[in-house]
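This report describes a structural model chain by chain. Please view the sequence and the structure before reading on.

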Amino acid sequence: MQIRVSHSTEYNYSIPIHYALQRLRLTPRSGRGQTVVNWQTDIEGARVEVTYDDHFGNLTQLLSAEGDPHMIRIVAHGEVVTEDVNGVSGPHVGFAPLWLYLRDTHLTRAGKPIRDLARSIPGKDPLERLHGLMATISDKVAYEIGATDAKTTAEEALENGSGVCQDHSHIFLSAARFLDFPARYVSGYLLMDDRTEQVATHAWAEAFVEGLGWVGFDAANGISPDERYIRIATGLDFVDVSPVSGIRHGNSTETLAVAITVEQ
Amino acid sequence: MPFDEMLDADNRPRGPYSEYMSWYGEQDHARLLTKSRDAEAIFRKTGITFAVYGKEEAAERIIPFDIVPRVISGREWRKLAQGIEQRVAALNAFLDDIYHKQEIIRAGRVPRHLIERNEAFLPEMIGMRPPGGVYTHIIGTDIVRTGQDEFYVLEDNARTPSGVSYMLENRETMMQMFPELFHRVRVRPVENYPMLLRQSLEASAPPGCADKPRVAVLTPGIYNSAYYEHAFLADQMGVELVEGPDLRVIGGRVAMRTTQGYKPIDVLYRRVDDDFLDPLTFRPESALGVAGIMDVYRAGNITIANAPGTGIADDKAIYSYMPEIVEFYTGRKPLLENVPTYRCSEPDTLKYVLDNLADLVVKEVHGSGGYGMLVGPTASKKEITAFAAKLKSRPGNYIAQPTLSLSTVPILVKKGVAPRHVDLRPFVLVAPNRIQIIPGGLTRVALKAGSLVVNSSQGGGTKDTWVLED
């Protein structure tokens, strides 16, 4: 399947901005299940300072504001050919040790509710348990936009009983790590049947299963990723893969507009 | 009886001290006491002070200086230097391995949990090889002596070892007060340290930078306890002293504001801790660092000295594995001994430590500066009981070591001289393909008779350290 993506992030500032940095993780890479045909990032109001691979192997760019702009616009776009690999993205590569993916983060720390949830999952076979975990989270946490925000922790989202893909993923990571599975957060795009325009990137989780490698679980949709999914970046939680993050100097107020289209 | 470095059992001067002692024998004691007060005046005038955390009256004190030098023979030094060089090479190999393949863990020589649960392990350094492969550009190896040929490494300070300004000021003061002494005794120079440091840092610059790399010293600012040293070293090296707000990312480099606009920096000798180095990567509220410096670093466009994440190598829990680490990477037995170390995280060991607190020194795994430690033999019963409770609640946070009978070197007192316990921190410079150990270092001395705590924050003093040309 060939999927075309355009992902625009636009910051508008009330007064011109003298100094701002934006860190981008917006470039998918070819790998098992996906081949990047073409991809580029167009930038207005800022320039690329450096491009490098981060500690999880994600292609990362640092931008700085250029010419005291009122606006910084970043448009990542391109085409990716995907295939269904039954959610298995394959063996672990890179220097980040697997045990690192067992580490808790502020957003994924497991309190009693998550530990109880994890313990309640039956089964011996690792895949069966992880699928059970996904189904349970899918069941307990309703998909609801606006109930949570980027800073909501896994515990808070579980307690709320509602959230978005980021929250489903954090809960999954938290519980999977508690069950001793190395697990990581994946940011990406999802081709949807009923719409082209979307307001945010998608997210899901991967757990490492001996013999199979990394296996994806999209608890928000209750399925493992298939040919409709494009992976961008991986990390321990949302903070590590955040598509655009940055800092700025000055008193300017900022408004953010994100527009994403994903189509065949 | 502890080993006295100056006098043997029959009160005769040992070899390295013979010339000094013959000079000392010719001196008028009252004059020496006057000189000792002069020395204090010199330190006050140069402004060499340090801040003591947790003392309200505060703040700035002079570290007491003792005018009797600590003397080490050329032969003793060569042996020490070889051991230190081997250890420093192993530490750099360990850091490279830990942030890449982790072969030492795969080989089962260092347990995984020690790295895995360690806050000093910095994920942001994974897969990052600094320019020239150097992680620790500057190391201060703390060494204690217990006998004629018995030296132990107490600590490897691989983050940002401080104290080198005292080494330099102590020497300068001694040469100013006793020029004749330096004609009689041939002492190896330490005063070229700033030049060597600058050369070593320049040699570690990223490949492809200009012919003459630009070096700068990053300080947290005037409220830092070691600010004096930061300013002193920048001045002595002839490089800029900068603070976070002076720096920003421009043109893919970290650049500093100057009167002629922003100039890129090739090597940043930073005296700011990892946590505060980059608000975009570590603590977001930090105003002491440079946003985006880690991005520039991973892109290979700046050298940060020391590299972030080196704390994993001088962690006190890792310390107990140093003999294995040295052997694993150098293929040879360590030339310098480690102090036997009990890991309180192990239940049987914890029991032993609790039963023997009165004889042991217990330290926090991540602590430094002599804070939060227990020195069993000099602690009161009440202190021991209180410490035992802390130890039981967080055993993994502590290691224990036997109380070593540290060597003594005399200090000048009202009537003559009297022995006091000392340690030694030599400074090591690491550049690609070159390790240099400055012949001398910082000798810290406990000023109270019998005390084993030499830390300046706990009332210790310093001495000039002489390595003889022989």
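## Basis of the model

The model is predicted: local features are reported at pLDDT of at least 70, side-chain atom pairs count only at pLDDT 80 or more, and totals for chains, interfaces and linings use all residues. Residues are numbered from 1 along each chain as its sequence is written, with chains lettered from A and ligands numbered from 1 in the order in which they are written.

## Chain A: overall form

Chain A contains five helices and 16 strands; helices (H or I, at least four residues) and strands (E, at least two) are DSSP runs numbered from the N terminus. Its radius of gyration, 18 Å, is close to the 18 Å that the globule rule gives for 264 residues, so chain A is as compact as a globular protein of that length. The radius is taken over C-alpha atoms, and the globule rule is 2.2 Å times the number of residues to the power 0.38. The C-alpha trace of chain A spans about 60 × 40 × 40 Å along its principal axes.

Of the 264 residues of chain A, 42% count as buried. A residue is buried if 20 or more other C-beta atoms lie within 10 Å of its own, exposed if 12 or fewer, and partly exposed in between, with C-beta atoms placed from the backbone. Among contacts in chain A between residues at least 6 apart in sequence, 74% join residues at least 24 apart; two residues are in contact if their C-beta atoms, placed from the backbone, lie within 7 Å.

## Chain A: two domains

Chain A is divided into domain 1 (2-82 + 243-263) and domain 2 (88-241), the bounds coming from an automatic or database domain assignment. The C-alpha centres of these two domains of chain A are 24 Å apart. Their contact takes 22 residues from domain 1 of chain A and 25 residues from domain 2 of chain A.

On the side of domain 1 of chain A that touches domain 2 of chain A, the elements giving two or more residues are β1 (2-13), β6 (71-82) and β16 (254-263) of chain A. β16(A) gives the most, with six residues. By class, this side of domain 1 of chain A has eleven nonpolar, eight polar and three charged residues. Ala, Val, Leu, Ile, Met, Phe, Trp, Tyr, Cys and Pro count as nonpolar, Asp, Glu, Lys and Arg as charged, and the others, Gly among them, as polar.

## Chain B: overall form and domains

Chain B has 16 helices and 23 strands. Its radius of gyration is 22 Å, close to the 23 Å that the globule rule gives for 470 residues, so chain B is as compact as a globular protein of that length. The C-alpha trace of chain B spans about 65 × 60 × 50 Å along its principal axes, and 46% of the 470 residues of chain B count as buried.

The assignment divides chain B into domain 1 (70-206 + 302-336 + 423-467) and domain 2 (340-402). The C-alpha centres of these domains of chain B lie 25 Å apart. Eleven residues of domain 1 of chain B are in contact with eleven residues of domain 2 of chain B. The side belonging to domain 1 of chain B has four nonpolar, five polar and two charged residues.

## A helix crossing in chain B

The axes of helix α3 (residues 74-98) of chain B and helix α14 (residues 322-330) of chain B come within 9 Å and cross at roughly 80°. Axes are lines fitted to C-alpha atoms, for helices over the stretch in contact, and angles run from 0 to 180 degrees between N-to-C directions.

From α3(B), the contact is made by B:Q86, B:R87, B:A89, B:A90, B:A93 and B:F94, and from α14(B) by B:I325, B:V326, B:Y329 and B:T330. By class, this contact of α3(B) with α14(B) has seven nonpolar, two polar and one charged residues.

## Contact between the chains

The contact takes 21 residues from chain B and 18 residues from chain A. On the side of chain B that touches chain A, α5 (112-116), β8 (247-250) and α11 (293-298) of chain B each supply at least two residues. The largest share, three residues, comes from α11(B). This side of chain B divides into eight nonpolar, six polar and seven charged residues.

## Local backbone features

Most residues other than glycine have a negative phi, and most peptide bonds are trans. The peptide bond from B:A305 to B:N306 is cis, with omega near -10°; B:N306 is in the loop between β12 (303-305) and α12 (311-314) of chain B.

A:D180, in the loop between α4 (165-178) and β10 (183-190) of chain A, has a positive phi near 75°. A:D180 is exposed, with 10 other C-beta atoms within 10 Å. B:N433 has a positive phi of about 65° and lies in the loop between β20 (427-431) and β21 (434-437) of chain B. B:N433 counts as exposed, with 9 C-beta neighbours inside 10 Å.
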